[in-house]
Amino acid sequence: AVALDESGVIIEDGVVARLDDDIYYVTATSSGAEGFYRDLQRWALIWGLNVTIINATGQYAAMNIAGPNSRAIMEQLTDIDLSPDAFPYLGVRQSTVADASAMLLRVGFVGELGYEVHVPVSQGMHVWQAILEAGKASDVQPFGTEAQRLLRMEKGHIIIGHDTDALTTPFEVELEWAIGKNKPFFVGQRSLDAMRKKPVERTLVGISWPKGYAGPLPEECHLMIEQGKIVGRVTSVAGRTTLGHPLGMALIHPDFATPGTGVTVRVDGGATSRTTVVELHQYDPKNERQA
């Protein structure tokens, strides 16, 4: 799901899981949960909605187990049918994991088969240790936020507030598919209707450097310049990747967004670096590894 403000600008994204007819579990970005909770409360009061909104962030421990062996590891810890047909991508199931009450979400932020495991915070360490024990034969290893940040970049998954700014709309970052097309109303709807009549002035793309490239790399927010004009800016960049070459993401004018287009990027000290526009989803673009 993607959340907008009244002007149609993206303010948050996450997963919405329907647990019952009138019970929803909503996730948000880690740094944006508090602000989004306040927004939900504000709209509920303005519209006089008969809903109860609970910020459960501090009540749950959440961990992400990802990789080709994640299904086999989790099958040792739960009685849920984890087969692809029974538990498809973007599914949610409630049961137990290592005898702890748990909610499993079939999501793949890092581009691999994976599960988010949400358990009461009092059971977090127990479930964490159980997953590590069950995964010993597969050489399971903890990975942190920097590794996740790199892997999601290779996959083309954005981070709100990092690959977006205070003016970014869904049309610019390939999130138009998440707009509620059949809803009679949603926040930002009228603004998006007006935007559809105008051409997009920037779009999010992947950028890449050749294997073995040892030259200077830009920092995030460094400008892209062609023919003496600013045509975009870098939003994410990494020098070392699992694909074997530097890569990143950038918001760029549509005239330069075609894969294969070369663009000059300013780097520190007034120097420049030449990068190539590529598809946003540089790793497993067909999602075959998330089956």
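First, the ground rules. The model is predicted, so local features need pLDDT of at least 70, side-chain atom pairs count only at pLDDT 80 or more, and totals for chains, interfaces and linings use all residues. Residues are numbered from 1 along each chain as its sequence is written, and side-chain values use heavy atoms, with hydrogens and water left out.

Start at Thr275. Thr275 sits in strand β14, residues 272-278. Strands here are DSSP runs of E, at least two residues; helices are runs of H or I, at least four; both are numbered from the N terminus. Buried or exposed? Thr275 is buried, because its relative accessibility is 1%. The cut-offs: buried is under 20% relative accessible area, exposed over 50%, partly exposed in between, with a 1.4 Å probe and protein chains only.

What does Thr275 touch? Leaving out residues up to four places away in sequence, its contacts include Ser208, Trp209 and Met224. Contact means heavy atoms within 4.5 Å. A polar atom of the Thr275 side chain lies 3.0 Å from the backbone oxygen of Ser208.

Next, strand β7, residues 100-105. Of its 6 residues, 5 are buried. β7 pairs with β6, residues 92-97, antiparallel, over 6 bridges. Pairing needs at least two DSSP bridges between the strands. Across that pairing, Arg93 stands opposite Leu104 in β7. The β6-β7 hairpin has 2 residues between the strands, and Ala98 there takes a positive phi near 55°. On to β8, residues 114-120: β7 joins it by 3 bridges, also antiparallel. Met103 faces His118 in β8.

Now the rings. There are 5 aromatic pairs in the structure. Phe, Tyr and Trp rings (the six-membered one for Trp) pair with centres within 6.5 Å; planes under 30 degrees apart are stacked, over 60 edge-to-face, the rest tilted. Take Trp47 and Phe185: centres 5.8 Å apart, planes at 80°, so edge-to-face. Trp47 is in helix α1 and Phe185 in the loop between α4 and α5, so this pair ties together parts 138 residues apart in sequence. Trp47 is partly exposed at 40%, and Phe185 is partly exposed at 46%. Trp209 and Tyr213 make a tilted pair, 6.4 Å between centres and 35° between planes. Trp209 is buried at 2%; Tyr213 is partly exposed at 26%.

The charged end of Arg42 sits over the Trp43 ring, 4.8 Å from its centre. That term needs NZ of Lys or CZ of Arg within 6 Å of the ring centre and within 35 degrees of the ring normal.

Conventions:
Polar contact = N/O pair within 3.5 Å; in protein donor to acceptor, adjacent residues only side chain to side chain.
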